[in-house]
2 protein chains.
Amino acid sequence: MKVIELNKNFDRKLKDIRPSIGGIDQNIVNTVSKIVEDVRRNGDSALFKYTRRFDKFDLNTKNIKITGKEIKKAKDEITTKIRNHLKISARRIREYQKSLLPKERTYRDRLGNELGFAVRPIDRVGIYVPGGKAAYPSTVLMTAIPALVAGVKEIAIATPAPNGELNSVVLAAASISGVSEIYRIGGAQAISALAYGTDSVPKADKIVGPGNIYVALAKKIVYGEVDIDCIAGPSEVLILSDGTGKPEWIAADLLAQAEHDEMAVPLLVCTSINFAKHVIKEVKKQLKDLQRRDIAAEAIKRNGRAFIVKSIDDAIKVSNAVAPEHLELCIKSPKSVLKKIKHAGAVFLGHMSAEAFGDYIAGPSHVLPTGGAARFSSPLSVYDFIKMPSVISVSQKGFNKLSGSVIDLAYSENLEAHALSVKVRMKKFNN
Amino acid sequence: MKVIELNKNFDRKLKDIRPSIGGIDQNIVNTVSKIVEDVRRNGDSALFKYTRRFDKFDLNTKNIKITGKEIKKAKDEITTKIRNHLKISARRIREYQKSLLPKERTYRDRLGNELGFAVRPIDRVGIYVPGGKAAYPSTVLMTAIPALVAGVKEIAIATPAPNGELNSVVLAAASISGVSEIYRIGGAQAISALAYGTDSVPKADKIVGPGNIYVALAKKIVYGEVDIDCIAGPSEVLILSDGTGKPEWIAADLLAQAEHDEMAVPLLVCTSINFAKHVIKEVKKQLKDLQRRDIAAEAIKRNGRAFIVKSIDDAIKVSNAVAPEHLELCIKSPKSVLKKIKHAGAVFLGHMSAEAFGDYIAGPSHVLPTGGAARFSSPLSVYDFIKMPSVISVSQKGFNKLSGSVIDLAYSENLEAHALSVKVRMKKFNN
């Protein structure tokens, strides 16, 4: 883990402080474009072809949708303990999302015009759930439940079945969330099927959920035809420390990010070099016995950084420049610092708030903006699954008072018919 | 204007009821990609080169930013009347957006954990304002003011200056909104400059505002590097009529959409064929003397439709299938119908609520989802300019009660380090 001491005048370094994860291979872009276009044009037959090629099993119109029987079997396969934990998690996610849901509202202005917005759920949402090694049942809960709380009536999950094999815990998590429409499809071909629809897979209005680079690029390509949540990159944590608390806790949290994949970004920003060195020693120690030590070690080596700063304010500057997905405030008075935090996906306050609580059980979705997207994006929530159409009702008084402005402004934009659409309504008074 | 009678069993037609505006020319996509990439790599020099080529004037580091003097001059050039109308509009937009702004909020759950979200403005926003014929000062107000109300500190406007000529009303509108950083750049090259930054144009975090197909495609390409609002298409209105009110008013509103451009979509859905015929007659009559009659006539011919339906419920089905940008409920009891409307950008209630009020003065932004995007998108608002990072503070009691779930779920996902990051914190109690 690289130690970087930031002294005076480090402001100009801030722009490049985030470890670069490199560009995108144009060959992959071309491959993904071709797959997306093929499925758009040729529907099921292309979808089946790519599933055979990448997931190595024969998909057809009969087996594409996972049956109720298969879901029940999967639910029976997981332990009662895990089932109960998933239920506790589901309940907490549901409660949190309910607390966010905005209520539709109109008000009357001084002229008696009624203004405001309605709240309407999206009709149909597709959720991508990765398969294989990175198949996380928690992600099913963290994406499906916000959609359900928002009032989405149709939710379809797409999850790949490498060699035809399903992940029981994913199916169980879907069932616990309340989703029963699940397709055994994955990759760019699944995203295209959800975006454009095929004979077997109805078209969705929005596609959410994480995936590998193929899935992320496919989502970007279909964006516009459907909405998407965000383009997910490797997971990140920035731990802001004032040298209080236990180095071994902070080390453990850095490793929890690092074990996700080799590209994960574990950052420490600390006001004490001695404490930071202690943390690094602990990282090395804990790394030794870790199941996923090769992955975690590679992430620490590539992207691990310990920034040493002069003050908490400098630490905040670093954090705001990184705009991390996860931010832990491992300091004495986290609340006093929170108001200075400008960009982050989720902020964890205090020493007890290990990031893993956010991954599984706290309530807010663990689908968060990565790669600096916290500069402009929010965590996945009910807001991603509703629209708020404006509602405008012009009163007689409002019409009388404002029509002159509309007419003159329309003429100033050379939009005569706009002006006339108001003028024609004035005749009532003139005739 | 084509009359289409929808009798029984029209449900299966709904899928294709929206007039198709055709696909995108791959040559344009390639051209735009090249421009975006060139500006990304070569910054100012590429930006200046394309400005010379497309806008026909010499751009350089000295003249790229419009001066305070130029803005003042532009403001003096417009009439007092227009200046006052713009101020009234600005005030109403500001008031409406203030009413939307969410307040940050946390709550304690039963275990004493604190959960909620902060509200933070985006740091820097780029607004694209078209030049030439479609330069609308109202769009400056409708994009800049929501950003300002959200608390955005840095707002940069990009607006093309064909042959070096500026649009005074656009500059005046920017000044009235409170924006003084304006660049005389346009097209895909301006979007790329805002997205990646050049020596003269600082990088933005989000780019909003309408534009032609080059601008729309460039926005899609840079999406991910920065956020964007939406990919804007031709303007649309769907007028839902129960045969009450005046045919000439409805005709005028259809023409107000049609005059925007040849691709605009003016739709009528009416329960009375006689009334609809009356509206069509009025459209023809009013069209004759219109300044922009060639554009409006072409839009009516291409995309104009009068759907005749058996009932208001059938009319609503048609509207929900179209998901129009603007929806006028020209019926006796618009409020009773509002709750059945699933998808629309903005809904105008009753005969007096001409859509033009929404364009200029009502308050809600006139930047709305087009092309069916109302299925998944909302009007531009303060929500586009804030992020809501999650806030998670785990209490001692919460830790004790929930750590078992986190540990077991982490193991079930083969994320041992996640489990250990909780276990390490339990030592406190065990030692």
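Let us begin with a working term: two residues are in contact when they have heavy atoms within 4.5 Å. By that rule, 121 residues of chain A are in contact with 121 residues of chain B. This is a predicted model, in which local features need pLDDT of at least 70 and side-chain atom pairs count only at pLDDT 80 or more, while totals for chains, interfaces and linings use all residues. Residues are numbered from 1 along each chain as its sequence is written, chains are lettered from A and ligands numbered from 1 in the order in which they are written, and side-chain values use heavy atoms, with hydrogens and water left out.

How are the two chains related? The same surface serves both copies, and 100% of the contact residues of chain A recur in chain B.

Now to the interface itself. Chain A and chain B bury about 10,600 Å² between them, with 58% of it on carbon and sulfur atoms; buried area is the accessible area (1.4 Å probe) that two parts lose on being put together, summed over both.

Across this interface there are 14 salt bridges, each a side-chain nitrogen of Lys or Arg within 4 Å of a carboxyl oxygen of Asp or Glu. One of them joins the side chains of Asp205(A) and Arg375(B), at 2.5 Å from N to O. Helix α15 of chain A (residues 396-412) gives the largest share of the side that touches chain B, 12 residues; helices (H or I, at least four residues) and strands (E, at least two) are DSSP runs, numbered from the N terminus.

Strand β16 of chain A (residues 390-393) runs parallel to strand β14 of chain B (residues 346-349), joined by 3 bridges; strands pair if DSSP finds at least two bridges between them. Here Ile392(A) has Phe348(B) as its bridge partner.

Finally, look within chain B, where 5 strands form an open parallel sheet in the order β7-β6-β5-β8-β9. Its edge strands are β7 (181-183) and β9 (227-228), each pairing on one side only. Between β5 (residues 124-128) and β8 (residues 206-208) of chain B there are 3 bridges, and Val125(B) stands opposite Lys206(B).
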